[in-house]
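Colleague: Could you walk me through reading this one, starting with how a helix sits on a sheet?
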Amino acid sequence: MVKKTIIFFLIICSVSVAQSNVNPDISLIGMFDTYMNFDKNTPDYGKLLFDIPSFELYIEGYLNPYARAAVNIAFEEGEFSAEEIYAQILRGLPLDIQIKAGKYFLGFGKLNTFHPHAWPFIDRPLWQQIYFSDEGFNDIGLDVNFILPTEDFYTTLDLGVYSGNSMAINTAGEDTDPDEVRGNSLIFVGRLGSFFSLNDFNNFDVGLSGSYGNYAKSSFYVPDSVAFPSQTLKYFYGGIDFKFKYKPDSYTSLVIQGEGILNHRDVIRGTETEPIFETITTYGAFIYFDYQFLKQFSVGAKYDFTFGVIGDDYSATTISNDNANKTSDIEGWIGYYPVEETLAFRLSTQYLFFNLADNMTKDGETTITLQMIFSLGPHKAHQF
Amino acid sequence: MKKYLILILVTLVSLHLYAEIKVVATTTNIANLVQVIGGNKVSVDYLCRGDQDPHFLEVLPSYMLKLRNADIVFKIGLDLEKWLPQLIDGSRNDKLELVDLSKDISKKEVPTAKVDASQGDVHPYGNPHYWLDPENAKIMAEEIYSALTDFSSQDADYFKKNLDNFKNEIDSNMKIWASKLSGLKQKNIITFHKSWIYFTDRFGLKVVDNVEPKPGLPPTPSHDASLIQIIKKDKIKIILMENYYSDSAPNHISESTGIKVVKVPIAVYGIEGVNSYIKLIDYIVNQVSANG
């Protein structure tokens, strides 16, 4: 009895000592954009405008020797939201799998898993705005990550299952009830990615992604349809991504990165009284380079293309259901990083132009943005 | 049948006995010391190249692969390798043993008050560049010996012999190095980054200022101007700097004052021909004594 009491006491003591010594890492990334828009159709043409500053508060750390957890609270456009809440089992599982569960940015492509402040450019790529949302592909679910036995290069396979709320947002915006839009059904997301170290200075990563599920109920678009009252509208996204980086020394690097998506989905066309059920195939892609030529400076450019029109309202024929209209952009930037990761300034010019069907026209839009990013707290090392 | 079983058993046992210890070192200096102590009983790989700044290493999956198959990973510690936990997590190697070589080092510049970013990139547990003192290399080698022996006790004698040889080699070289730098004792020098305190304390040199206004901060014109004043006033002869930093600010100061910029590697393989720890210190000492 005495022995058991001592052991119990020791366990309690060790737990309390451990708890008192274990603090998670806390960091805060603040962002502030000021911009001028040269869209002749807006009253703000040529005016200097200020966005409400935004921030992301990260709290992360090890739960125990096997697992980590992270929470990311975002304040954007004047509102708080839980952008990420997840735990990840890193080691100790059969086949060396890793499991991540919670709410987080999904591993479709490479860029989506990185937060925007870690990108060299300012605006989310167009096809991600069209086929994911303004906030990226972010959902609640579970991912299992396998490391494959490719000896000389690092290959991982992610298989995830998610609530599908992200597809409801993509279909109808943030303010709609997901159940009303698409019912309650899961979506699936996976990525197969390989990393090749070509030599000491050149590295290359390539990946294939896929996502499948339903994005809407037909009744969301045509509530009283007799033809297909309870049809689900399915989608399949196929993706390809690559990233190449040349880094000969501490002060010089060249990154070339690109991603593309193929969108294959059921859509409803026709009229409300005579709806037609079709499948469409559309696509989008971006490619950019970012060249760091001094410790504190980088320049870059991006070309971006997608089906769909940025800024459209949600309907059965717009955003990711649009197979007639196209948006492109060319963006150039210069980045200034005075002291390591603590402060960054980016001056960017984006020219957005539209190619519309049915002889419709829409003027191109030029936006000049100056962005400041600051970082408080510990900085994690850069991931490739 | 019995014969075959015995043969298989003997083969397995002998394979285990002669299996190399797979070691990954975070830096090439550690890798060299492990190779010296472990000899042919270890296979060693490293993460940060000799010409790279060990403070900043990108998290590459290829490094995770190296750690995936390793038995032991040795690190400098004192918060130098902030990138290591991410690599270990990515390796998924739950048998990997992590050995911190700073354990028995007498740390210098350990902050006594609260550290914050206004002081620059200050290491909260002390200056981590302790390998630049050859006496500390002996302590690192002891730690490596201890870890290898724990892993493979049957090779303890072999490791001990290598350890003793290394310590003797350091001791005999120390006399030569100290003699070469004796003329510079108590002489003022300027360093680029605050990484030379262990080296200069050991050999009696005095660092009066750094080209970086604060650790990790890029040189500024106003700080350069104040350095030029100090150099002219105190007749300082050298700026000592790591070869992975840009020398444009030191060269600018040199043009104004005539001070010599001594750009050296601080890690094995940091420059061609420097392929061992002894050669590294030898190279640094020779460069400093020739220009000082």
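**Helices, sheet and interface**

Modeller: Helix α2 (residues 28–38) of chain B lies across β1, β2 and β3 (72–75) of chain B, at about 175 degrees to β2(B). Helices (H or I, at least four residues) and strands (E, at least two) are DSSP runs, numbered from the N terminus. Axes are lines fitted to C-alpha atoms, for helices over the stretch in contact (heavy atoms within 4.5 Å), with angles from 0 to 180 degrees between N-to-C directions. This is a predicted model, where local features need pLDDT of at least 70 and side-chain atom pairs 80 or more, while totals for chains, interfaces and linings use all residues. Residues count from 1 along each chain as written, chains are lettered from A and ligands numbered from 1 in written order, and side-chain values use heavy atoms, without hydrogens and water.

Colleague: What is the strand order of the sheet in chain B?

Modeller: Strands of a sheet pair through backbone hydrogen bonds, parallel or antiparallel. Here the order is β2-β1-β3-β4 (chain B), an open sheet with parallel pairing (at least two DSSP bridges per pair). The edges are β2 (42–48) and β4 (97–100) of chain B. Between β1 (residues 21–27) and β2 of chain B there are 6 bridges, with T27(B) partnered by C48(B).

Colleague: And how many salt bridges link chain B and chain A?

Modeller: A salt bridge puts a side-chain nitrogen of Lys or Arg within 4 Å of a carboxyl oxygen of Asp or Glu. The count is 3 between chain B and chain A; one of them joins D89(B) to R91(A), with the closest N and O atoms 2.5 Å apart.
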